[in-house]
Amino acid sequence: MLVSRRYFFFGSLALPALAAKKPAPAASKLARPNLLLILVDGLPSWILGCYGNQEIRTPSLDRLAQTGTHFLNHMACTAAPALSRATLLTGRTPMQLGDAENPPAGAASLDKALGDAGYVTHAADLGAAGQFLDQQAAGKPFFLTASHPGPRPPYDGVEQKYHDLYAKTQFDTLDLQRTPAANARLGREMLADTIGNIRKFAAAVSALDADVGALLQKLSQRKLLDNTLVVFTSACGALLGRRGLWDAGDASDPPNMYEETVGTPLIWSWSGHVPAQAMRPEVVSTYDLVPSICGVADADPPPGNLCGLSYRLLATGKPLPKKQPWRTTVYGHYRTTEMARGDRYKLVMHGGATGELYDLRPDPGEKINQYDNEQFLTVRTTLSQGLSNWKQRYSA
């Protein structure tokens, strides 16, 4: 049933061919899967239909989520694209990376770990990644990273048909502001025409979605779909007019870690191995990707003092060991701003001097700062200590 559903969503395969397909073999009998990582910059989860957006059209990604599992609380460790991408691909914290936008020379990476394990590794732009698939044959597993810089002003190269989709859309459900916030730093000019610019952004997102669909179609045409784990994620999010800010963490001074900037999509899809139409509420981080993928590929993680955990069992719908429950808090760091994000509460510290504390259950929009509320003293102390321990343990 999982195989048929997946081909229904993606494919141009005929129904008789679907009916003739055999059930997926047991996992223990399968060779290691191919791995396709689709990695975008600056695409927040709140902008996608599968995460509840009703105005921006992302049919390919919505179908991908329907064929697999998506995580509702996937947090970027850094609310900035380049540094967050480095954490995602190495498993190392921003402190371990020296807050550099690119991994230090010689830094161990997911690509190297999989290459050492026998995978053919390749990185390409999303639009050109299909050329690599044309060269692949069954029997030799590959790891393909298909990257996209994300929709960025001035949104050049987007076909007019995508702009036409939003010519009259007012985006009434997105809670956008038309004037910059007092602490706005970058992207203030985008707020001079918030609706016009969000229309351009939406058009670029729909074009990106079509490119994802084309790559998945290529995977199906090459008959690689059954034994390929597809992972879609973004390095960080963006505000796009919410809160009077446009970009990600550096849109404000001091840098922010609002949910819009750290909450990113994470979708896993693999026919017969990842449950379809499933959602996971656990809090996971970009620094968890490396151990998760290495677990699927039966590869040794890169050496080093890595803080990430494998969410492979969560993604595949398997129970966790009874004595090893999933952790409830992940952490973040960007310049002078740091974060402890739990399954209910969120602490953000600026330079160690001023703080924000939110109870996300009644206040998902982070509007009521409880940092100085004595009723939340125990919560604040617990999150502060956890953040301090994380920094101390994973700064080198």
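Here are some questions and answers about the predicted model shown above.

Me: Before we start, what pLDDT do local features need here?
Reply: Residues are numbered from 1 along each chain as its sequence is written, and side-chain values use heavy atoms, with hydrogens and water left out. This is a predicted model in which totals for chains, interfaces and linings use all residues, side-chain atom pairs count only at pLDDT 80 or more, and local features need pLDDT of at least 70.

Me: What is the volume of the largest cavity?
Reply: On a 1 Å grid over the protein atoms alone, a cavity is a set of points where a 1.4 Å probe fits but cannot get out, and lining residues have an atom within 4 Å of a point. Grid points are joined across faces, edges and corners, and a volume is the space filled by probe spheres set on the points. Searching the whole structure turns up one cavity of 30 Å³ or more. Its volume is about 40 Å³.

Me: Which element gives the largest share of the lining of the largest cavity?
Reply: Elements here are DSSP runs numbered from the N terminus: helices (H or I, at least four residues) and strands (E, at least two). Those giving two or more residues to this lining are β1 (34–40), β5 (228–234) and α10 (289–297). The largest share, three residues, comes from β1.

Me: Which backbone oxygen does the side chain of T233 reach?
Reply: Leaving out residues up to four places away in sequence, T233 touches L37, I38, L39, V40, H74, L88, P265 and L266 (contact means heavy atoms within 4.5 Å). A polar contact is a pair of N or O atoms within 3.5 Å; within protein, one must be able to donate a hydrogen and the other to accept it, and residues adjacent in sequence count only if both atoms are side-chain atoms. At 2.8 Å, the side chain of T233 reaches the backbone oxygen of P265.

Me: Which side chain makes a polar contact with the side chain of R327?
Reply: R327 lies in the loop between α11 and β8 (329–334), and R327 is buried, with a relative accessible area of 18%. The side chain of R327 reaches the backbone oxygen of V283 at 3.5 Å. At 2.4 Å, its side-chain partner is D288.

Me: How many degrees separate the planes of F71 and Y311?
Reply: Rings of Phe, Tyr and Trp (its six-membered ring) pair if their centres lie within 6.5 Å; planes under 30 degrees apart count as stacked, over 60 as edge-to-face and the rest as tilted. That rule gives eight aromatic pairs. F71 and Y311 form a tilted one, 5.1 Å centre to centre, with the planes at 55 degrees.

Me: How many residues apart are F71 and Y311?
Reply: F71 is buried at 0% relative accessible area, and Y311 is buried at 0% too. Ring pairs link F71, W268 and Y311 into a cluster. F71 is in strand β2 (residues 69–75) and Y311 in the loop between α10 and α11 (312–315), so the pair links parts of the chain 240 residues apart.

Me: How many residues of helix α4 are buried?
Reply: The buried ones are A82, L83, S84, A86, T87, L88 and T90. What covers them includes β1, β5, α10 and β8. Helix α4 (residues 81–90) has 10 residues, and the buried count is seven.

Me: Which element gives the most to the lining of the largest pocket?
Reply: A pocket is an open set with protein on both sides within 12 Å along at least five of seven lines. The largest has a volume of about 590 Å³, and of its 24 lining residues, the closest to its centre are R242, E259, E260, P364 and G365. By class, this lining has six nonpolar, seven polar and 11 charged residues. With four residues, the top contributor is β2.

Methods. Buried means under 20% relative accessible area, exposed over 50%, partly exposed in between (1.4 Å probe, protein chains only). Ala, Val, Leu, Ile, Met, Phe, Trp, Tyr, Cys and Pro count as nonpolar, Asp, Glu, Lys and Arg as charged, and the others, Gly among them, as polar.
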